[in-house]
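Hi,

Here is the structure I promised to pass on. Have a look first, and my notes follow below.

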Amino acid sequence: MNLHLSKKLKITFSFILCLCMVFPAVAQNFDTASNTTSERSRNNFLPTSAVAQFAGSIGLVSLGAGWDYGKDDKWATELLIGFVPKYNTDRNKITITLRQVYTPWSISLSHKSTYHPLRTGTYLSTTVGKQFWFSAPEKYPEKYYTFSTKLRMNIFIGQDFALKLNSKKLPLDRIRIYYDIHTSDLYLISGATNRYLKATDYLSVALGLKFNFK
Amino acid sequence: MRLISNFLFIILGSIILQACDAFDIHPYSGKIDGQKNINITNIKKIEDRYANRDTIRYAFISDSQRWYDELDDFVKSVNQRDDIDFIIHGGDVTDFGLIKEFVWQRDILEKLDQPYVVLLGNHDCLANGEEIYAQIFGKPNFSFIAGKTKFLCLNTNALEADYSNPIPDFSFIKNERDTSQEKFDKTVVVMHAAPFSEQFNNNVAEVFQYSIREYPNLLYCNNGHGHQYKTEDLFQDDIIYYETPNIGKRQYITFTITKDNFSHELTSF
């Protein structure tokens with residue numbers, strides 16, 4: 001029991017630590033938005049973007065911070081907090097998601113707009129609440145439930161469209177609008193093991209906006 | 001350039017339009033579209049249609065989690081029979097307690113020509129599954145009368161709950177014994193997990209058996225959970241527990257209850 005609890009605590013603690021690191025960083029980044037790129041690169045643990053998303057199996061709406069890196073910002077690591085309304089259940093739910101995005105190609109449409117024909121990657125999401133567990137509680141016989149109701153492994157493929165802003169007032173360099181087609185481990189297991197379910201049953205769409213800071 | 005952005009716009013637009021309900025908020029969101037309160041609606045149909053029958057016949061299936069093809073084939077197969085009055089599902093429509101699983105299985109079962117009821121299985125309790133089950137099907141303990149037989153459908157998934165939630169619920173069992181007494185003279189008890197399985201509260205197994213034997217003319221019990229076809233006299237008291245195979249085995253049990261007898265038959269499809 002103690003062992004199980006300490007494992008849980010560790011995971012919860014590391015998430016809280018991540019959050020504590022990110023949120024002051026986001027705030028700070030807005031304060032120092034007038035900094036030049038070279039100044040910012042010295043503080044490269046600061047997020048370089050903010051994300052707002054609709055759906056995606058991580059909530060009705062999710063908000064988060066992103067770290068973009070690599071040539072043409074081909075890579076991004078994002079941390080999102082999602083809100084799930086209670087709908088027909090007793091409680092609202094909160095999710096925490098860590099996402100890795102890869103955007104290999106960019107096609108310039110005009111001097112202001114860029115089209116990224118592929119964005120893909122994976123995200124791990126966890127739901128807060130004691131009705132969800134990482135591994136089955138000890139009251140169950142061994143290997144009774146071999147999956148986690150708390151931790152979902154998701155994959156996605158999508159596209160985005162980026163618009164460069166020339167605003168002097170906003171601390172934003174560009175806005176991206178994206179969509180992702182995504183699924184998760186449990187949906188794939190459900191979908192792949194029979195003929196009855198079709199891809200549209202277990203693939204879903206997420207829509208989002210990404211704001212890249214100056 | 002213009003062409004590409006138009007092309008992108010069309011692709012994006014058509015994907016979103018096609019996928020109007022393809023936004024997945026959360027695997028355990030609790031957002032249920034479509035038919036709800038199914039047990040309540042179907043119990044009314046069963047009680048109205050078969051009130052004056054001496055003989056009733058039903059199909060008993062269970063544990064259909066992730067066996068979508070087999071459940072769909074069962075529905076097609078049983079719809080071709082004209083001698084089945086209703087269908088009882090012994091629980092476990094989901095494997096992971098996901099909303100989508102509940103809805104997928106419900107949509108297959110909704111194609112049944114005859115009324116059906118679904119019990120709560122242990123897998124259906126996972127995450128907020130019990131809340132979803134309650135919305136789509138109804139209460140975890142329920143009963144109905146078909147012909148002159150009362151079907152007492154009980155939640156026996158004690159391992160999924162804590163002590164704040166009595167499982168099995170003896171006050172429900174007692175109350176139901178006294179309800180509509182004039183309408184039934186025989187009883188069948190249906191549950192997901194049978195006594196002595198790891199789900200059952202085995203501390204009260206004997207008390208449970210005693211309490212259901214207080215019912216008028218207890219014929220037998222039905223259970224699922226074990227995924228095997230079994231006929232066992234669990235308490236050595238001539239009350240047989242009939243366990244139906246999981247639907248993945250492409251089998252179900254047909255029960256026929258007549259005025260003073262009953263029979264069962266393992267049916268393959």
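Let me start with a hairpin: strand 10 and strand 11 of chain B form one, with 4 residues between them. Bear in mind that this is a predicted model. The two strands, with strand 11 covering residues 262-268, pair in the antiparallel sense over 7 bridges.

Zooming out, chain B has 7 helices and 11 strands. Its radius of gyration is 21 Å, close to the 18 Å that the globule rule gives for 269 residues, so chain B is as compact as a globular protein of that length. The C-alpha trace of chain B spans about 80 × 45 × 30 Å along its principal axes. Of the 269 residues in chain B, 47% count as buried. Taking contacts in chain B between residues at least 6 apart in sequence, 74% join residues at least 24 apart.

Now for the interface. Here 42 residues of chain A are in contact with 36 residues of chain B. Among the elements of chain A that give two or more residues to this side are strand 4 (93-102), strand 6 (113-127), helix 3 (185-192) and strand 9 (204-213). By residue type, the side of chain A that touches chain B divides into 19 nonpolar, 16 polar and 7 charged.

Cheers

Conventions
Residues numbered from 1 in each chain as written. Chains lettered and ligands numbered in written order. Predicted model: local features only at pLDDT ≥ 70, side-chain atom pairs only at ≥ 80, totals over all residues. Contact = placed C-beta atoms within 7 Å. Nonpolar A, V, L, I, M, F, W, Y, C, P; charged D, E, K, R; others polar. Pairing = 2+ DSSP bridges. Rg over C-alpha atoms; globule rule 2.2 N^0.38 Å. Buried ≥ 20, exposed ≤ 12 C-beta atoms within 10 Å, placed from the backbone.
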